[in-house]
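Reader: I would like to go through this model with you. Let us begin with its core and then turn to a helix.

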Amino acid sequence: MDDKPLLVLLNSCHSATQAGKLVDTVPFAIGTSDTIGDVDAITYAARFYAAVADDQSVQAAHLLSRAAMEMNGLLDHDLPTLACTAVVDPSATKLVTPPPE
């Protein structure tokens, strides 16, 4: 990679603490606050990356992903946790630049 990553998504249980520590290195990190089921984690990650690719902000992608989990009846919808440095605004930060029209 030429540039350091802007986001790390930890797809493991009890990783919210590590995500909080990673924001010393990267602007955004996502972890889970407890044990998360496989289907729940896959649903979150798939929806998150789709929302980011669809030009949503980091915050919007996170919230959409948690909502998708809840709407699908998944019990772990409140476990994914977004951490970020104090100098970034997750609601204003987009990770994908759409192609010119």
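Reader: Which residues touch the most other members of the largest nonpolar core?

Author: This is a predicted model, where local features need pLDDT of at least 70, side-chain atom pairs count only at pLDDT 80 or more, and totals for chains, interfaces and linings use all residues. Residues are numbered from 1 along each chain as its sequence is written, and side-chain values use heavy atoms, without hydrogens and water. A nonpolar core is a set of buried Ala, Val, Leu, Ile, Met, Phe, Trp, Tyr and Cys residues joined through side-chain atoms within 4.5 Å; buried means under 20% relative accessible area, exposed over 50%, partly exposed in between (1.4 Å probe, protein chains only). The largest core has 16 residues, and the most other members are touched by I30, Y44 and F48.

Reader: Which element gives the most to this core?

Author: β1, β2, α2 and α3 each supply at least two residues. Helices (H or I, at least four residues) and strands (E, at least two) are DSSP runs, numbered from the N terminus. With five residues, the top contributor is α2.

Reader: Where do the buried residues of α2 lie around the axis?

Author: The buried residues are D40, A41, Y44, A45, F48, A51 and V52. Their arc, taken from the directions from the helix axis to the C-beta atoms, is only 135 degrees, so they lie on the same side of α2.

Reader: Which residues does F48 touch?

Author: Contact means heavy atoms within 4.5 Å. Leaving out residues up to four places away in sequence, F48 touches L7, L9, I30, V58, A61, H62 and S65.
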